[in-house]
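Below is a note for a colleague who is new to this structure. The points are numbered and can be read in order.

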Amino acid sequence: MIESVILSIVVPCYNEEGNLIPLVTAIREALSPLQIAYEIVIVDDCSKDKSWEILQKLGAEDSRIRAQRFVKNCGQSAAFWCGIQAACGQYIATIDADLQNDPKDLPKFLEALKDADCVVGSRVANRAKGDNWLRQLSSKIANGIRNKITHENVTDSACCYRVFKRECASNLKFFKGMHRFMATLFKIEGYSVTEIPISHHERFAGKSNYGVWNRLFASSYDLFAVRWMQKRMFHYQVKDRIN
């Protein structure tokens, strides 16, 4: 464990053997000028390729790289949640392993975090550079539906690239699909959320594990669960205590 970690970068991994070394290299290059203590927490969602072997090698070479592996495949939400719970940092970043999210944007996230509890990335302006028309269309429709039901105005609600204060996640309730709604869940808990434009690239290596079905239909049940929480959650603060 690294003492006094400022930033924890949490990465879910499923069959990402071709991306792990370039990703770690890119994170190092992005954070080196900041001279802050950081760690990279990678959760292997029971990959079928050589991802775990590569993670073992990376971890042996650099103690800032911490990795965990599931017994069975549990999905992206579980991998994110496992990594968030294991993170030691004052701030936590979540980022996909495929390098469509650019680690060079991390300093920009940290700067924006001075004025909010959570900063989420928006790929809308640059999406044409990394996705085909079908993925762009499905994402646009999915974002519209999510915002309509949850009364949100986040332009890229499914973007997993975000940085937040660790206390934002302290009271979250884990459920499958929660990674798509973390900005809304943070707001439910009373935290402030802002959005910044980020870069978006083609997948560096391997194949995407998510398609049109995930964007348009898989989150339907989750949407109504989040809406229910928005209506039913309540907050309180204790003013004084005796004994």
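1. Terms first: two strands count as paired if DSSP finds at least two bridges between them. Helices (H or I, at least four residues) and strands (E, at least two) are DSSP runs, numbered from the N terminus. This is a predicted model, in which local features need pLDDT of at least 70, side-chain atom pairs count only at pLDDT 80 or more, and totals for chains, interfaces and linings use all residues. Residues are numbered from 1 along each chain as its sequence is written, and side-chain values use heavy atoms, with hydrogens and water left out.

2. The sheet is open and has seven strands in the order 3-2-1-4-6-5-7, with mixed pairing. Its edges are strand 3 (65-69) and strand 7 (193-197), each of which pairs on one side only. From one strand to the next, the twist averages 20 degrees; axes are lines fitted to C-alpha atoms, for helices over the stretch in contact, and angles run from 0 to 180 degrees between N-to-C directions.

3. Strand 4 (residues 91-94) pairs with strand 1 (residues 7-13) in the parallel sense, over four bridges. Isoleucine 9 has alanine 93 as its bridge partner in strand 4, and valine 10 has threonine 94. Strand 4 is also joined to strand 6 (residues 162-165) by four bridges, and these two run antiparallel. There, threonine 94 stands opposite arginine 162.

4. Helix 1 (residues 20-31) lies across strand 1, strand 2 (38-44) and strand 3, at about 160 degrees to strand 2. Helix 2 (residues 51-61) lies across strand 1, strand 2 and strand 3 as well, at about 150 degrees to strand 3.

5. A nonpolar core is a set of buried Ala, Val, Leu, Ile, Met, Phe, Trp, Tyr and Cys residues joined through side-chain atoms within 4.5 Å; buried means under 20% relative accessible area, exposed over 50%, partly exposed in between (1.4 Å probe, protein chains only). The largest such core has 33 residues, and Leu7, Ile9 and Val11 are among those with the most contacts inside it. Helix 1 gives the largest share, six residues.

6. Where is asparagine 101? This residue lies in the loop between strand 4 and helix 4 (106-112). Asparagine 101 is buried, with a relative accessible area of 2%. Beyond its neighbours within four places in sequence, asparagine 101 is in contact (heavy atoms within 4.5 Å) with Ile95, Asp96, Arg123, Tyr161 and Ile198.
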